[in-house]
Each structure stands twice: as C-alpha cells, then as structure tokens.
Amino acid sequence: MRRQRVAKKLGFHTLGVQPAVLRWARESQGYLPKREQGIERFCNALAAETLVPSADFENQLTGISAPYDDAVVPLARRYHVSRESILRRFLDRGLIDQHRYEARVKQWAAETETSGSGGDYYSTQATYLGESYMRLVFAKHYQGRLTIEQTADYLGVRTRSVSGLEEALLRNALPA
C-alpha cells in the first residue's frame, strides 16, 4: 500500500498538486468535488499502471482461469503489491464481479484483525517503500535539500518516525 501512495503522490506532483492537498484528498476521499475526483482517478490509474503494468499483467494471466483465487498471492508477490491490488486489477478487467471483490477484501481484513501479529512497523514500512527510494529520500535530506517535515512527507510517516525508518533501512542494509 505504501508504494501505491508513493505512485499516487507522483501523479499529484505531475499535476502540480501540493502535499497538503494530497493529505486532504486522502482524508476526504468520498467527499471530493468532481474535478478532484477526476484527479484522484488519474492518480489511482497511474499508481496501478506503475506498480502492475498492464501488458505484463496480461502476460501473467495466460493460462490462469476462473475463479482466480489461486493466482492472487503469486501475482501480489511478483509485483510486490497487496492482494487487494491484484484483486482490483481482476475487477477492473471484468474477470470478477464487485460482490466477489468486496467479499474477499472483507475476508482478508477480518483475517488481519484476528491474526494478532503486529510485526515490526519500521521494517514493514521500509519494505513497502523500497531501499532505493528510501536511500534517495535520506540522501536529499542529508544534502539539506529536504527538511525533516518534507522527508517525513515523502516517506509517508510522521516526523517522529523518520529516525525509526532510517534505522530499519540501515539494519536491513547491513549483512547479518
């Protein structure tokens, strides 16, 4: 999900939309005026195409048949996206219906709630963002080109979490 936000942010910046507007859009998604809904759809499409390119996705679907349930996890792993992202691609292509999509998303949410495993927040976020992206953001920060607030914004965290993400980046980059 974090990579999707980064890709959507790229779409907003392409359109010249400022980070404050991005936060507002994210917080009030259901209440956007028509123009902003169009921008939101464009940014969603950009994020989807960036993370799961249509041509490659179509190639991966060769030999896969309905009900597609067995294909979701391998495809999510291939593209490093959530199961819901892959399921959404199935829905957008008319391979599954809205009811099946909503039922699976609800099921996965329930499984997550009952699993009890919280994991390591910073390692999880670092995995979503990717090492090269995080290195770029931190490099710009240490060059003085990004404030701590801008760094946190690009990483999608609060300023107090920036140091934890940096530690996770360094921890994961060092050989065990």
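Modeller: Helix 9 is followed by Gly-144, whose phi is positive, near 80°; helices here are DSSP runs of H or I with at least four residues, numbered from the N terminus. The model is a predicted one, in which local features need pLDDT of at least 70 and side-chain atom pairs count only at pLDDT 80 or more, while totals for chains, interfaces and linings use all residues. Residues are numbered from 1 along each chain as its sequence is written, and side-chain values use heavy atoms, with hydrogens and water left out.

Helix 9 itself has 12 residues, 131–142, and should span 16 Å at 1.5 Å a residue, which agrees with the 16 Å between its end C-alpha atoms; the expected span is 1.5 Å times one less than the number of residues. Tyr-133, Met-134, Val-137, Phe-138 and His-141 are buried in helix 9. Seen down the axis, these buried residues fall within an arc of 125°, so they line one face of helix 9, the arc being that of the directions from the helix axis to the C-beta atoms. On the other side of helix 9, Ser-132 and Tyr-142 are exposed. Buried means under 20% relative accessible area and exposed over 50%, with partly exposed in between, for a 1.4 Å probe and protein chains only.

For comparison, helix 5 (residues 69–79) has Ala-71, Val-72, Leu-75, Ala-76 and Tyr-79 as its buried residues. They cover an arc of only 130° around the axis, which puts them on the same side of helix 5, whereas the face turned away from them carries the exposed Asp-70 and Arg-77. After helix 5 comes His-80, with a positive phi near 60°.

Technical notes:
Helices (H or I, at least four residues) and strands (E, at least two) are DSSP runs, numbered from the N terminus.
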